[in-house]
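Subject: A structure for you to explore

Hi there,

Here is the structure I promised to pass on. Please open it alongside this email and follow along as you read.

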Amino acid sequence: MTRTPGDILDCIGHTTLLPLRRVVPANGARILLKLESENPTGSMKDRMALAMIEAAEADGRLARGGFVVEYTGGSTGVSLALVCVVKGYPLRIVTSDAFAAEKLEHMRRLGAELTLVPSEGGGMTAELTRSMVEAARVIAESPGSFWTDQLKNTDQLAAYHALAEEIWIQSSGRVDAFVQSVGTAASVRGTAEGLRRHDPRVRIVAVEPAESAVLSGGPSGAHRIDGVGAGFVVPLWHAGVADEIERVSTDEATAMTHRLAREEGLLAGTSTGCNVIAALRVAHRLGPDATIVSVMCDTGMKYLSRH
């Protein structure tokens with residue numbers, strides 16, 4: 001049945017689950033990629049932005065006449081900008097020159113007011129994340145503000161429970177492993193919870209930058225993979241989220257984005273490159289009968305000036 005949307009927010013979700021054809025392993029395992037680039041801003045973050053705002057409207061944390069505050073590497077900010085402009089809330093974003101210029105301009109075009117925190121050499125670090133959080137906290141002290149506070153906000157988990165339901169239906173209930181890179185940890189945690197409700201045997205694989213592999217016990221460091229790898233163990237993460245953690249370097253992720261474009265026709269960002277590198281490793285381990293599901297987190301149109 002064709003959906004008739006009332007506004008652009010009704011176009012969020014229900015994205016395609018696509019089998020990869022050319023970068024797949026020689027052993028025949030299936031890798032299915034959820035094309036979150038089909039969401040209105042080209043990112044899976046549309047789901048969580050809508051969930052956070054609607055939950056705050058429902059319980060009165062965000063009132064008519066108020067404004068929204070967030071710190072973000074870009075995709076969450078763009079998604080919040082979309083939701084806020086449609087719903088009529090001013091948005092104040094704290095971000096940095098460490099992130100793709102396309103995403104910053106997208107936020108501005110949708111009406112967000114940006115505060116830029118300078119990075120050190122364009123790299124993502126724990127210090128930068130903490131500086132952005134502190135700047136957002138100061139802005140959020142103003143009357144009428146609602147701070148979505150994505151690193152701690154559990155309202156977004158419902159959005160990823162819905163994502164899991166879509167994956168389960170589209171895969172006909174055949175998911176051996178789910179692979180997802182970790183930013184706030186909400187997407188991997190929420191999707192894992194949703195899939196495990198159907199089958200607790202689904203293997204959950206988290207992915208983080210090799211240069212800053214803090215979840216797997218490594219030291220914090222700088223990397224250039226937008227949207228993931230905060231540089232410290234984020235509040236929404238806990239040890240039971242994933243069965244294993246894969247480390248993928250910026251160079252590996254970037255090389256895979258080039259392969260995806262040239263071999264699959266998929267223009268993706270580096271977080272997607274991370275996911276596919278890790279999914280290939282899992283496919284080799286699980287063998288030819290396995291089905292591995294991962295996520296195309298957003299469109300590579302957001303990163304044309306970076307990679």
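Let's begin with the second largest cavity, which is lined by Val182, Gly183, Glu208, Ser212, Val214, Leu215, Gly229, Ala230, Gly231, Phe232 and Val234. By class, this lining has six nonpolar, four polar and one charged residues. (Ala, Val, Leu, Ile, Met, Phe, Trp, Tyr, Cys and Pro count as nonpolar, Asp, Glu, Lys and Arg as charged, and the others, Gly among them, as polar.) The space inside the second largest cavity is about 60 Å³.

Before going further, please note that this is a predicted model, in which local features need pLDDT of at least 70, side-chain atom pairs count only at pLDDT 80 or more, and totals for chains, interfaces and linings use all residues. Residues are numbered from 1 along each chain as its sequence is written, and side-chain values use heavy atoms, with hydrogens and water left out.

On a 1 Å grid over the protein atoms alone, a cavity is a set of points where a 1.4 Å probe fits but cannot get out, while a pocket is an open set with protein on both sides within 12 Å along at least five of seven lines; lining residues have an atom within 4 Å of a point. Grid points are joined across faces, edges and corners, and a volume is the space filled by probe spheres set on the points. Helices (H or I, at least four residues) and strands (E, at least two) are DSSP runs, numbered from the N terminus.

How many cavities of 30 Å³ or more does a search of the whole structure find? There are three. The largest cavity holds about 460 Å³. Its lining has 35 residues, and Lys45, Gly183, Thr184, Gly227 and Val228 lie nearest its centre. At least two lining residues come from each of H2, helix H4 (126-139), strand S7 (177-181) and helix H6 (186-198). Sorted by class, the lining of the largest cavity has 15 nonpolar, 16 polar and four charged residues.

Next, the largest pocket, with about 180 Å³ of space. Its lining is made of Ile12, Gly13, His14, Arg47, Leu50, Ala51, Glu54, Ala159, Ala162 and Glu166. Helix H1 (45-59) and helix H5 (157-170) are the elements giving two or more residues to that lining, and H1 gives the most, with four.

Helix H2 (residues 75-87) is worth a look too. Ten of its 13 residues are buried (under 20% relative accessible area, with exposed over 50% and partly exposed in between, using a 1.4 Å probe and protein chains only), so H2 is largely enclosed by the rest of the structure. What covers these buried residues? The cover includes H1, strand S3 (67-71), strand S4 (91-96) and helix H3 (101-109), where contact means heavy atoms within 4.5 Å. Just after H2, Gly88 takes a positive phi of about 90°.

Finally, two single residues. Thr191 is found in helix H6 and is buried, with a relative accessible area of 0%. Not counting residues up to four places away in sequence, Thr191 touches Tyr160, Leu163, Ala164, Ile167, Phe178 and Ala186. Asp7, in the segment before strand S1 (17-19), is partly exposed, at 36%. The C-alpha atoms of Asp7 and Val86 are separated by 8.2 Å, although these residues are 79 residues apart along the chain.

Happy exploring!
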